[in-house]
Amino acid sequence: MNDPEASQDRYALVGHPVDHSYSPLIHRLFAQQTDQSLTYELIDATAEEFEVAVRGFKAAGGKGLNITVPHKERAFHLCTDSSDDAREAQVVNTITFAGGAIIGHNTDGSGLIRDLTVNLEIELAGKRLLILGAGGAVRGIVSPLLEAGVELTIANRTVERAVRLQALFSGRPEFDVCGFDELSELAEQDIIINATSAGVRGEAAPFPGEIFMPNTLCYDLSYSLRDTPFVILARTHGAGRTEQGWGMLIEQAADAFEIWRGVRPDTAPILVKMRPGQDANEPSVTD
Ligand code: NDP
């Protein structure tokens, strides 16, 4: 009997771990909506296994990959060519295969900007914006945020990593970097983005409560069907508005889908389907 999946274009997410990823569900919903025929797999690969996993998927006829923690930087170095956004950030979250070439893209930045400005209707120009964290995700979002005209500060547990990131973007408008011990001295921020993985690892986030003000929008790149530890911390200390990274997750996936398939899904119905409802303890993911 013919296997219907055998004729479908294959995509996958490579990371470690990947077992709880929502990407297969999101891309299945995109494919249904746009009438595309494809499969989307999960590939769990350690640092040592990463290159073999990517090359093996390509050799087996795979069409494209998403890349997640901890491989985004590794993926950039494996690519034979990359888009401008990936080249500047030196991190890749989306790969396309073209003949012998492995082409890297980064859709984290475009995904975040679209969620902030379109879905959440936030005007970024002139806003004071603080990013907590300086890892791979931050590399991808710095340029688009600077282009959107924010007054940017990046604080990281390991200050040297934030300083290295500052050097990477030396050709861009200037931004400040500091350690968490200097956070209390900063001017009031309009937007605070948590880009640390402290919460997902179950570690306490060491941010002083006074950075959260009634007018601050606190956006957690991490997402959960319940309130994330950062969202709970920000609310406890009086932050006026809190959001999780569901919208960014879906928008960056839509940008990757468009790179692969040439059609951008309508993200609005997927967002409604996946974002937890007003009562964040009541998951609304039904698929
Ligand atoms: P990285 O591993 O590259 O970076 C992790 C960051 O978290 C570093 O800045 C690290 O600081 C910091 N950190 C880790 N543990 C702690 C702690 N206990 N206290 C303080 N800081 C800590 O991860 P990524 O940048 O790729 O991802 C960061 C988060 O963003 C993840 O939770 C990821 O799931 C999420 N994400 C969400 C996306 C979305 O679409 N919504 C897209 C991409 C990422 P240090 O340098 O000191 O180690």
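How many aromatic pairs does the structure hold?

1. The structure holds 9 aromatic pairs. Such a pair consists of rings of Phe, Tyr and Trp (its six-membered ring) whose centres lie within 6.5 Å; planes under 30 degrees apart count as stacked, over 60 as edge-to-face and the rest as tilted.

2. This is a predicted model, in which local features need pLDDT of at least 70 and side-chain atom pairs count only at pLDDT 80 or more, while totals for chains, interfaces and linings use all residues. Residues are numbered from 1 along each chain as its sequence is written, and side-chain values use heavy atoms, with hydrogens and water left out.

3. One of the pairs joins Tyr22 and Trp246 edge-to-face, at 4.9 Å centre to centre and with 70 degrees between the planes. Because Tyr22 lies in the loop between β1 (9-15) and α1 (23-34) and Trp246 in helix α9 (residues 246-261), this pair ties together parts that are 224 residues apart in sequence. Helices (H or I, at least four residues) and strands (E, at least two) are DSSP runs, numbered from the N terminus.

4. Tyr22 is partly exposed, at 22% relative accessible area, whereas Trp246 is buried at 1%. Buried means under 20% relative accessible area, exposed over 50%, and partly exposed in between (1.4 Å probe, protein chains only).

5. Phe207 and Phe230 also pair edge-to-face, at 6.1 Å centre to centre and 80 degrees between the planes. Phe207 lies in the loop between β10 (191-194) and β11 (217-220) and Phe230 in helix α8 (residues 229-236), so parts 23 residues apart in sequence are tied together. Phe207 is buried at 6% relative accessibility, and Phe230 is buried at 3%.

6. Phe207 and Phe230 belong to one aromatic cluster with Phe180 and Phe212.
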